[in-house]
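Subject: Structure for you to look at

Hi,

Here's the structure I said I'd pass along. Have a look when you get a minute, and then read on for my notes.

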Amino acid sequence: MAVTGGTSGRAMSWRQFRAILRKDIVMELRTKEMVTSMGLYALLTMVIYQVALSQSGTAFDPRLIAAGLLWLAFVFTSMLGLNRSLVHEKDQGCLEALLLSPVDRPVIFFAKATGNFIFLLIVEVLTIPVFGFLFLQGRGFGGQFWMIPAVLTAASLGIAGVGTLLATMSVNTTGKDFVLAVLFIPLMYPLLLAAVSATTAAVLGGPDAAAGFWAGMRMIGAYDAIMLLVAYGLYEFIIGA
Amino acid sequence: MKNRVTGVLLVLGGVLTTVSFIVAFFVAGVPDFGTVTVANEVQTERSLIEIAAEGFKYGRPDWGQKIFYFHVPVALSSFLVFIFTAYYGARFLLSKNREFDTKARIATEVTLVFVVLTMITGVLWTKAAWDVWWEWEPRLTTYFIMTLLVIAYFVLRNSIDDEERRATYAAAFGILAFVDAPISFAITRLIPSTHPVIERGGLETPMLLSFLCGLFGMLMIGYAVYQVRVREEMLKERLESLKASLEG
């Protein structure tokens, strides 16, 4: 769908992008639904972790599995958030209105993905201190601190991008959140593996931390580049169906 | 014409895989442990050397190796057939021709059969060679993920009622899964693996013969089964449309 009119196509797309993103953010600011539900869900996951680790004894160093636990929490929270963000669109008929309006399909994809990315990042940033407070007190942080936001940003980009596409599919199925989980987790596997390895390198530190971190980051980068491109290419077909 | 080729391929594939089996058991030698390289990282009580030595002590050669002639062709075929899921998926998206959707679905069905066979033979071999049923080892892990992706494809299909939407979503997911599988393969491989790797030129002639017979036999069977299923579906669709036209 080509944008015609006085303003150039790119400026128009940018405005549309901002309008959709703004709608999501304003709705979130009014209802505070996404961040509250995702944050609470993450907090509940911490309770489950306490149960899981309750028999591990004092000799056990939780830092060894801290990255895995964190990403586990993020995966499940992100699925909750992704599902919600698209269910809203569908239930309130917003998606149909968006499709009727002369907006480029990729713009819808990027705007929705950016919204999901922002909400996910907020929840992650809120969760990490809580996790550290609950499980890692008195245990030193091994690596350099900037590594953590770097991994979070890179991996959340992939989660939000691919997740937005999958959630757009799953809201139109009878299984909804179940279908999302079945599609989402195997597709996310490489990204999660890389994210956990990079985060572990950052948490533990040591002489080969930088090498391990960059190896993980390269893998995340490759995954993001390839999968976001594919997701971007497929979104037009998905949203039109 | 096409039907005859399918029939010939089916028979030929059956013959070739049988030949592969016979050659594997009666002609091909049992390799010593030089052919497969196994790093001693599997966590078992006994070391691999001990297990191997035990086999030799009782005059029992490493029969577990024989599954190689079945396992590897099936695994390779599953990857090759999976290409068609993505290929026909892409063609469906571009043309919206329902025929391609049917073809993509059947290609995925054949993939599922091969994937299940690979998993079964793989797990048997793991037990025989490493003395564990399962090991979170890169290649096993990747393959497990691929199994889940193929299953997810059918879960997705079954949860959508609208025909065109189902076809579009399935095509998109098929492409995503096809892109994802090599990535997870590459990522897990960056960790040192304990899975044996065939060394180049490491196969003696009878073993190579057996392996190639198995590989081409499996591919032919896969192709023939695919064609038969496609024809069945096409006939079914024709029947349905005829029924509909009679009623209407």
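Below is what turned up, going from the interface to the core and then to the helix pairs.

One thing to keep in mind first: this is a predicted model.

**Where the chains meet**

On the interface, 24 residues of chain A are in contact with 23 residues of chain B. On the chain A side, the elements giving two or more residues are helix 7 (177–204) and helix 8 (209–240). That side is made up of 20 nonpolar residues and four polar ones, with no charged residues.

**The core**

The largest nonpolar core has 126 residues, and those with the most contacts inside it are Val151(A), Leu183(A), Ala195(A) and Ile220(A). Helix 7 of chain A gives the most to this core, at 18 residues.

**A helix pair in chain A**

Helix 5 (residues 105–135) and helix 6 (residues 147–170) of chain A pack at about 135°, and their axes are 8 Å apart. Angles over 145 degrees would count as roughly antiparallel, so helix 5 and helix 6 of chain A come out as oblique to each other. The crossing is right-handed. Among the residues that meet here are Phe109(A), Phe117(A) and Leu120(A) from helix 5 of chain A, and Leu152(A), Ile159(A) and Gly163(A) from helix 6 of chain A. By class, this contact splits into nine nonpolar, five polar and two charged residues.

**A helix pair in chain B**

Over in chain B, helix 4 (residues 98–130) and helix 7 (residues 205–247) cross at roughly 140°, their axes coming within 10 Å. They are therefore oblique to each other too, and this crossing is right-handed. Helix 4 of chain B brings residues including Lys103(B), Glu109(B) and Phe114(B), which meet a set in helix 7 of chain B that includes Tyr226(B), Arg229(B) and Glu233(B). The class count for this contact is seven nonpolar, two polar and four charged residues.

**One more residue**

Phe185(B) sits in helix 6 (residues 163–189) of chain B. Phe185(B) is 55 residues from Trp130(B) in sequence, and their C-alpha atoms are 21 Å apart in space.

Cheers

Methods: Residues numbered from 1 in each chain as written. Chains lettered and ligands numbered in written order. Predicted model: local features only at pLDDT ≥ 70, side-chain atom pairs only at ≥ 80, totals over all residues. Contact = placed C-beta atoms within 7 Å. Helix = DSSP H or I, 4+ residues; strand = E, 2+ residues; numbered from the N terminus. Nonpolar A, V, L, I, M, F, W, Y, C, P; charged D, E, K, R; others polar. Axes fitted to C-alpha atoms, helices over the stretch in contact; angles between N-to-C directions. Parallel < 35°, antiparallel > 145°, perpendicular 65-115°, else oblique. Left-handed = near helix turned anticlockwise from the far one by under 90°. Core = buried A, V, L, I, M, F, W, Y, C linked by C-beta atoms within 7 Å. Buried ≥ 20, exposed ≤ 12 C-beta atoms within 10 Å, placed from the backbone.
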